[in-house]
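Here's a quick briefing to read alongside the model. Have the viewer open and follow along.

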Amino acid sequence: MAAESSEGEEEGKLTGGNQILMIDDDLREMGKKAAWSVSSCKPGNGVISLRDDNLETYWQSDGAQPHLVNIQFQKKVRLQLIVLYVDFKHDESYTPSKISIRAGDGFHNLKEIKTVELVKPTGWVYLSLSGADPRETFVNTFMLQIAVLSNHLNGRDTHVRQIKVYGPRPNPIPHQPFQFTSREFITYSSIR
């Protein structure tokens, strides 16, 4: 995943962040297959700002905490990594300090799978959805919810500049141990 990242992870606390988004080739962005919604937003700073690939725009919540980002998929998907872009230098008290990640089939049965504390983050912050067991490398879910539980300096509203959700890239040929990258190789991949 992003082992080269400059963030420090200790008991659910993350510091730092990366200025450059680095993702392994075996992961693909799954956010475009989802319906995104937020619990509240200021006019002009809605959910579209989370997905526009512009680090100058941001979602700004408007209301009581927790502030929620809901990501719903039409079918069950495997998710392995969440990447957030937050910027303490620009957003100060609007920067999230404690985030909860929840997964489930819908709003009625969400279960918390991870809680993370962010310490003055600036840049891309990587949140792995892997469990403690090495066999649990992903979460199989219909819905993911990111809850901002608190902000730095006891801020009320929050700013999140980008969110990306990644899952494992499927092998294009079932039961094929290799992953070929071109149609020509796939054509000649079986022995007659």
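Let's start with Asp53 and Lys164, which form a salt bridge with their closest N and O atoms 2.5 Å apart. Asp53 sits in the loop between β4 and β5 while Lys164 is in strand β13, so this pair ties together parts that are 111 residues apart in sequence. Keep in mind that this is a predicted model.

**Salt bridges**
- A search of the whole structure turns up 4 salt bridges.
- Asp53 counts as exposed at 56% relative accessibility, whereas Lys164, at 12%, counts as buried.
- Arg161 pairs with Asp91, with 2.8 Å between the closest N and O atoms.
- Arg161 is in the loop between β12 and β13 and Asp91 is in helix α1, so the contact links parts 70 residues apart in sequence.
- Both Arg161 and Asp91 are buried.
- Lys42 and Asp62 also meet through their side chains, at 3.5 Å from N to O.
- Lys42 is in the β4–β5 loop and Asp62 in the β5–β6 loop, so that pair ties together parts 20 residues apart in sequence.
- Lys42 is partly exposed at 27% relative accessibility, and Asp62 is partly exposed at 34%.

**Strands**
- All 7 of the 7 residues in β10 (122–128) are buried, so the strand is largely enclosed by the rest of the structure.
- β10 runs antiparallel to β7 (81–87), joined by 7 bridges, and Val83 has Tyr126 as its bridge partner in β10.
- Ile113 belongs to β9 (111–119) and is partly exposed at 39% relative accessibility.

**Surface charge**
- Lys32, Lys33, Lys75 and Arg169 make up a positive surface patch.
- Arg169 lies in the loop between β13 and α2 and is partly exposed, at 41% relative accessibility.

Methods. Residues are numbered from 1 along each chain as its sequence is written. This is a predicted model: local features need pLDDT of at least 70, side-chain atom pairs count only at pLDDT 80 or more; totals for chains, interfaces and linings use all residues. Side-chain values use heavy atoms; hydrogens and water are left out. Patches are made of residues with over 30% relative accessible area and no salt bridge: like charges are joined within 9 Å, nonpolar side chains (Val, Leu, Ile, Met, Phe, Trp, Tyr) within 5 Å. Accessible areas come from the Shrake-Rupley method with a 1.4 Å probe; for residues, only the protein chains shown count as cover. Lys and Arg count as positive and Asp and Glu as negative; His and the chain ends are not counted. The place of a charge is taken as NZ of Lys, CZ of Arg, CG of Asp or CD of Glu. Helices (H or I, at least four residues) and strands (E, at least two) are DSSP runs, numbered from the N terminus. Buried means under 20% relative accessible area, exposed over 50%, partly exposed in between (1.4 Å probe, protein chains only). Two strands pair if DSSP finds at least two bridges between them.
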